[in-house]
Amino acid sequence: MSDSTTRYILKSVGIDISTKFPTSPISFRKILNHFSNITFIQESLDPKTDGMYIRCNKGHFIIVNRDRPIHRRRFSIGHEFGHYILGHDSDITQEKNSHHQSEVEANKFSASILMPSDIMYELNKANMSISEMATWLRVSKIAVAFRCFI
């Protein structure tokens, strides 16, 4: 996922990543509302299932496990939205298939949209710790650490 693609998506939905907020300006509510052909649902799912993307004749559906912590749900929403943007087939994200190429691509997309490189640069310049970045971005510390390397 290129930085320019991330910037384009965020700009097209009206998210200005240069604006300073108490927490990250990345709002999936705003993003998904812009894509009116996607239905977003939070449900209790199998404990091994974080989320799923379903593409069918009734439309596109992103379903995430509401029993997960907020930072996990946000990453899962980004991941499943990545499947949509990247044109992947329907997907159920479970632990067992996390290394499949489309899963790796969706993970990179989620990291890119939740933690745009411009924001990461500014947070790093402000000498924020990984823990502070994770809190501000509303993602896990592990997600921040991985994002620093991709």
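This is a predicted model: local features need pLDDT of at least 70, side-chain atom pairs count only at pLDDT 80 or more; totals for chains, interfaces and linings use all residues.
## Loops, a pocket and a buried serine

Let's start with Arg138, which sits in the loop between helix 6 and helix 7 (141-147).

**Loop residues with positive phi**

- As background, most residues other than glycine have a negative phi.
- Arg138 has a relative accessible area of 32%, so it counts as partly exposed, the class between under 20% and over 50%.
- Asn127 is another non-glycine residue with a positive phi, here near 60 degrees.
- The loop that holds Asn127 runs between helix 5 (117-125) and helix 6 (130-137).
- With a relative accessible area of 69%, Asn127 is exposed, because the cut-off for that class is over 50%.

**The second largest pocket**

- This pocket holds about 340 Å³ of space.
- Its lining is made of 15 residues, and those nearest the centre are Phe28, Arg29, Phe40, Gln42 and Ile77.
- At least two lining residues come from each of helix 2 (28-34), strand 1 (38-43) and helix 3 (70-85).

**Ser112 in helix 4**

- Ser112 belongs to helix 4, which spans residues 101-114.
- The relative accessibility of Ser112 is 2%, so this serine is buried, given a cut-off of under 20%.
- The side chain of Ser112 makes a polar contact of 2.4 Å with the side chain of Thr6.

Technical notes:
Residues are numbered from 1 along each chain as its sequence is written. Side-chain values use heavy atoms; hydrogens and water are left out. Helices (H or I, at least four residues) and strands (E, at least two) are DSSP runs, numbered from the N terminus. Buried means under 20% relative accessible area, exposed over 50%, partly exposed in between (1.4 Å probe, protein chains only). A polar contact is a pair of N or O atoms within 3.5 Å; within protein, one must be able to donate a hydrogen and the other to accept it, and residues adjacent in sequence count only if both atoms are side-chain atoms. On a 1 Å grid over the protein atoms alone, a cavity is a set of points where a 1.4 Å probe fits but cannot get out, and a pocket is an open set with protein on both sides within 12 Å along at least five of seven lines; lining residues have an atom within 4 Å of a point. Grid points are joined across faces, edges and corners, and a volume is the space filled by probe spheres set on the points.
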